[in-house]
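These are my notebook entries on a structure that was new to me. I set down what I looked up and what I found.

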Amino acid sequence: MTATTTTSITTALLHLSTLLHLSTTAFSIGVNYGTLANDLPSPSQVANFLKTQTIIDSIKIFDTNPDILRGFANTNITVTVTVGNGDIPALVDANAASRWVANNIEQFYPQTRIKLIAVGNEILFTGNKEWISHLVPCIKSLHQALVRAGINDVKVSTPYTLGILQNSVQPSAARIKPAYGKVVFAPMLEFLRQTKSPLLVNPYPYFSYSPSMEDYILFKPNPGIHDDNTNITYTNMFVAMMDAVYSAIKAMGYDDLDIVVAESGWPSLGDPNQPMCTVENAVLYNKNMIKVVTSGEGTPLMPKRRFETYVFALFNENLKPGTAAERNWGLFRPDFSPVYDVGILSNIGKSTGSSPSPTKSPFTGPSTSPTKRPPTGSSSSPTKSPSTGSSPSTDSSPSPTTSPSTGSSPAPTTSKTWSEPKADASDEALQANKDYVCSQGAHCKPIQTGGACFNPNNIRSHAALLIPLIMMWFVYI
Ligand SMILES: *[C@@H]1O[C@H](CO)[C@@H](O)[C@H](O)[C@H]1NC(C)=O
Ligand SMILES: *[C@@H]1O[C@H](CO)[C@@H](O)[C@H](O)[C@H]1NC(C)=O
């Protein structure tokens with residue numbers, strides 16, 4: 001095999017591109033541009049802001065909003081669009097796929113640098129059999145439609161949660177769940193290889209938060225978790241998650257695929273029972289996560305690799321249901337003032353603090369103040385806040401340097417409505433858990449019926465189902 005040669009060439013190219021890249025900006029990064037809000041600036045204002053004030057060079061949207069696609073024309077900012085989950089079955093048909101490509105891609109391309117079509121969002125996680133069974137055929141159908149339209153540089157893929165992985169404490173031992181391996185995953189990985197398209201994953205250490213895991217999750221000094229197979233000690237969960245994904249696809253023979261971090265982030269504000277949602281923690285997580293994906297150091301199992309990454313999210317979105325955390329994932333407020341700075345501002349003086357001057361905001365609008373705590377009444381939705389149960393502290397702003405004083409065990413009384421699968425719970429049991437959780441909250445319904453929940457950005461419900469256990473990225477699909 002020429003793997004070594006390939007590696008060294010790749011390494012050399014990486015060094016070269018590092019040098020070239022450093023001459024302009026230190027790094028570039030992508031963002032998820034969700035729009036579940038009524039106070040956001042216009043897409044062209046957003047495009048102009050990103051281009052002139054930040055080093056963000058790529059966006060991912062949760063639909064094919066024509067206003068956004070038009071707004072980003074001629075900006076050289078790349079765009080990843082998303083096919084609505086409910087559209088997946090119909091688009092298996094070649095004519096339907098061609099119509100979709102004509103309406104949503106050809107109209108805007110190449111003035112708008114559409115780069116990738118994400119087919120649905122976290123489809124395996126939804127548990128919807130109709131969508132799951134049509135996922136790979138739909139991806140292939142859209143790819144063929146692009147080929148017929150003469151478009152060769154728009155890739156097609158689909159984002160996965162880390163629920164695709166079987167429980168594994170050791171990243172090297174992580175595997176795709178057998179239930180999905182042959183049916184969905186093998187053909188998917190083969191398609192991605194043939195079309196040189198990336199695997200998209202949404203790793204969220206946030207959803208595994210517990211006070212006892214805080215240092216490991218937030219990149220603070222900690223003893224780490226030793227992987228006995230490789231003798232690698234992992235000192236943060238994000239890197240462990242990336243190596244787990246790598247190990248899982250490597251075991252299926254696809255370690256050559258690019259892995260894209262399609263979503264990851266941390267909310268800067270939460271309800272009183274979400275004390276982990278602070279500006280300090282959001283800065284810690286995002287800054288360190290961005291460092292991992294852009295530094296060129298890579299991970300222990302993927303040394304010297306960079307990972308195209310889309311931070312979740314660009315804006316705080318005031319219409320997202322659920323806990324306050326849901327509405328506070330943003331790097332920016334709707335008036336473009338940074339909620340905090342993790343080094344992504346370009347021209348304007350880089351803010352050193354977390355409270356940049358609002359006078360720097362180039363636009364003012366009818367925006368309501370996003371820093372206000374949303375009504376607490378909405379926090380009763382159980383499908384949105386996985387971490388709620390494990391965070392009994394009522395202090396909404398704990399010092400980031402100390403774990404909440406309540407200790408490492410989630411308070412059982414506050415997690416009553418939550419499923420609590422054990423690490424060895426069967427898929428059936430976990431499915432039962434999901435059914436139970438979904439029966440408790442309105443949010444699962446639109447996902448399951450496939451109709452109403454059109455915007456995949458709204459599907460944060462998996463939050464509810466990720467239970468904070470050690471290295472818990474697996475849970476279930
Ligand atoms: C557009 O962005 C690419 C990187 O994605 C860069 O190589 C290229 O020089 C840019 N083109 C212009 C005109 O800025
Ligand atoms: C890990 O380290 C132990 C102790 O040094 C050694 O016995 C073992 O062979 C190592 N395993 C691997 C996979 O390197």
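Which residues of H10 are buried? I began there, bearing in mind that the model is a predicted one.

**Entry 1: helix H10**

I listed the buried residues of H10 as Asn281, Ala282, Val283, Tyr285, Asn286, Asn288, Met289, Ile290, Val292, Val293 and Thr294. The helix covers residues 279-294, which makes 16 residues. From its first C-alpha to its last I noted a reach of 22 Å, close to the 22 Å expected at 1.5 Å a residue.

I then looked up what covers the buried residues of H10. The cover includes strand E1 (29-32), strand E10 (259-264) and strand E11 (309-311), together with helix H8 (214-217) and helix H9 (237-251). Just after H10, I found that Gly296 takes a positive phi of about 90°.

**Entry 2: the chain as a whole**

I next turned to the overall figures. The secondary structure of the protein chain comes to 13 helices and 11 strands. The chain has 477 residues, and 57% of them count as buried. Among the contacts with a separation of 6 or more, 74% are between residues 24 or more positions apart.

How many of the residues of strand E2 are buried? In E2 (residues 56-60), 4 of the 5 residues are buried, so the strand is largely enclosed by the rest of the structure.

I followed the pairing of E2 to each partner in turn. With E1, E2 pairs in the parallel sense over 4 bridges. Gly30 has Ser58 in E2 as its bridge partner. E1, H2 and E2 make a β-α-β unit, which is right-handed.

With strand E3 (residues 78-83), E2 is joined by 3 bridges, and these two strands also run parallel. The bridge partner of Lys60 in E3 is Thr80. The chain passes from E2 through helix H3 (residues 66-71) to E3, and I noted this β-α-β crossover as right-handed.

**Entry 3: aromatic pairs**

I counted rings as a pair when their centres lie within 6.5 Å. By this rule the count comes to 17 aromatic pairs. In one of them, the rings of Tyr33 and Phe315 have their centres 6.0 Å apart and their planes at 70°, so the pair is edge-to-face. This pair links distant parts of the chain, 282 residues apart. Tyr33 is in the loop between E1 and helix H2 (43-53), and Phe315 is in the loop between E11 and helix H11 (427-440). Both Tyr33 and Phe315 are buried.

I also looked up Tyr206 and Trp266, an edge-to-face pair with 5.0 Å centre to centre and 80° between the planes. Tyr206 lies in the loop between strand E7 (199-202) and H8, and Trp266 in the loop between E10 and H10, so the pair ties together parts that are 60 residues apart in sequence. Tyr206 and Trp266 are both buried.

Which residues form one aromatic cluster? I found Phe62, Tyr204, Tyr206, Phe207, Tyr209, Phe219, Trp266, Tyr285, Phe312 and Trp329. Tyr285 of this cluster is also one of the buried residues of H10.

**Entry 4: backbone exceptions**

Most residues other than glycine have a negative phi, and most peptide bonds are trans.

A cis peptide bond joins Tyr109 and Pro110, with omega about 5°. I located Pro110 in the loop between helix H4 (94-106) and strand E4 (113-119). Another cis peptide bond joins Phe312 and Ala313, with omega about 15°. Ala313 is found in the loop between E11 and H11.

Glu122 is not a glycine, yet its phi is positive, about 55°. Its place is in the loop between E4 and helix H5 (123-126). Is Glu122 buried or exposed? Glu122 is buried, with a relative accessible area of 0%.

Phe219, also a residue other than glycine, has a positive phi near 65°. I found Phe219 in the loop between H8 and strand E8 (225-227). At 16% relative accessibility it counts as buried, because the cut-off for that term is under 20%.

Notes:
Residues are numbered from 1 along each chain as its sequence is written. Chains are lettered from A and ligands numbered from 1 in the order in which they are written. This is a predicted model: local features need pLDDT of at least 70, side-chain atom pairs count only at pLDDT 80 or more; totals for chains, interfaces and linings use all residues. Side-chain values use heavy atoms; hydrogens and water are left out. The expected span of a helix is 1.5 Å times one less than its number of residues. Buried means under 20% relative accessible area, exposed over 50%, partly exposed in between (1.4 Å probe, protein chains only). Contact means heavy atoms within 4.5 Å. Rings of Phe, Tyr and Trp (its six-membered ring) pair if their centres lie within 6.5 Å; planes under 30 degrees apart count as stacked, over 60 as edge-to-face and the rest as tilted. Two strands pair if DSSP finds at least two bridges between them. A crossover is right-handed if, with the strands pointing away from the viewer, the path from the first strand over the helix to the second runs clockwise.
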